[in-house]
Each structure stands twice: as structure tokens, then as C-alpha cells.
Amino acid sequence: MIPKLDWSVLVEAADGLGLLHGLPAELVTDYEKNDDFLCKIHRVLLEVKVLEGCLQCPESGREFPISLGVPNMLLNEA
């Protein structure tokens with residue numbers, strides 16, 4: 001999963017949320033064996049819950065609202 005991430009976007013988002021906590025600006029090459037790095041990325045990717053906000057599709061720019069921790073991914077064509 002890690003190689004599929006847009007690393008600079010992840011770091012920017014984590015920084016904007018105040019969750020950077022030592023996450024490196026560049027993806028480390030030995031991340032599979034780096035327990036400290038894996039703990040940090042686990043926290044950012046799997047332990048952070050967004051309660052209110054929105055998700056934005058990088059391709060279409062479409063925004064999907066998040067309310068009470070649940071994203072509404074339904075497309076409204078209207």
C-alpha cells in the first residue's frame with residue numbers, strides 16, 4: 001500500500017492536521033524494516049478518524065462530505 005501513496009500529499013495533509021509527528025518529508029527506502037517509520041505511518045493512515053470535513057477526488061475535483069465520521073460517496077448529478 002505504501003508505494004501507491006502520493007507521499008508529498010500525505011505529508012502535507014498530516015502537517016495540516018497537526019499529525020506530522022516526525023513523519024519524514026521523503027519516503028524512506030527501507031520502510032519495510034523500519035519499525036519506527038511503520039508505527040508513524042500506521043498512526044496517520046489507520047488511527048486518525050475524520051469526523052467532519054470532505055474528501056476530494058484528485059481526478060475530478062469532486063468533493064464528498066464527511067459527517068459524523070461517515071463519508072457520503074454517492075454521486076448527485078443534480
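**A friendly note on the strands and the aromatic cluster**

1. Leu 68 takes a positive phi near 55 degrees in the hairpin of strand 2 and strand 3, where two residues lie between the strands. Strands here are DSSP runs (E, at least two residues) and helices likewise (H or I, at least four), numbered from the N terminus. This is a predicted model, in which local features need pLDDT of at least 70 and side-chain atom pairs count only at pLDDT 80 or more, while totals for chains, interfaces and linings use all residues. Residues are numbered from 1 along each chain as its sequence is written, and side-chain values use heavy atoms, leaving out hydrogens and water.

2. Strand 2 pairs with strand 3 (residues 70-71) in the antiparallel sense over two bridges; pairing requires at least two DSSP bridges. Ser 67 stands opposite Val 70 in strand 3.

3. Strand 1 (residues 52-56) also pairs with strand 2 in the antiparallel sense, over five bridges. Leu 55 stands opposite Phe 64.

4. Buried means under 20% relative accessible area, exposed over 50%, partly exposed in between (1.4 Å probe, protein chains only).

5. Now for the aromatic rings: Trp 7, Tyr 31 and Phe 37 form one cluster. Rings of Phe, Tyr and Trp (its six-membered ring) pair with centres within 6.5 Å; planes under 30 degrees apart are stacked, over 60 edge-to-face, the rest tilted. Both Tyr 31 and Phe 37 are buried.
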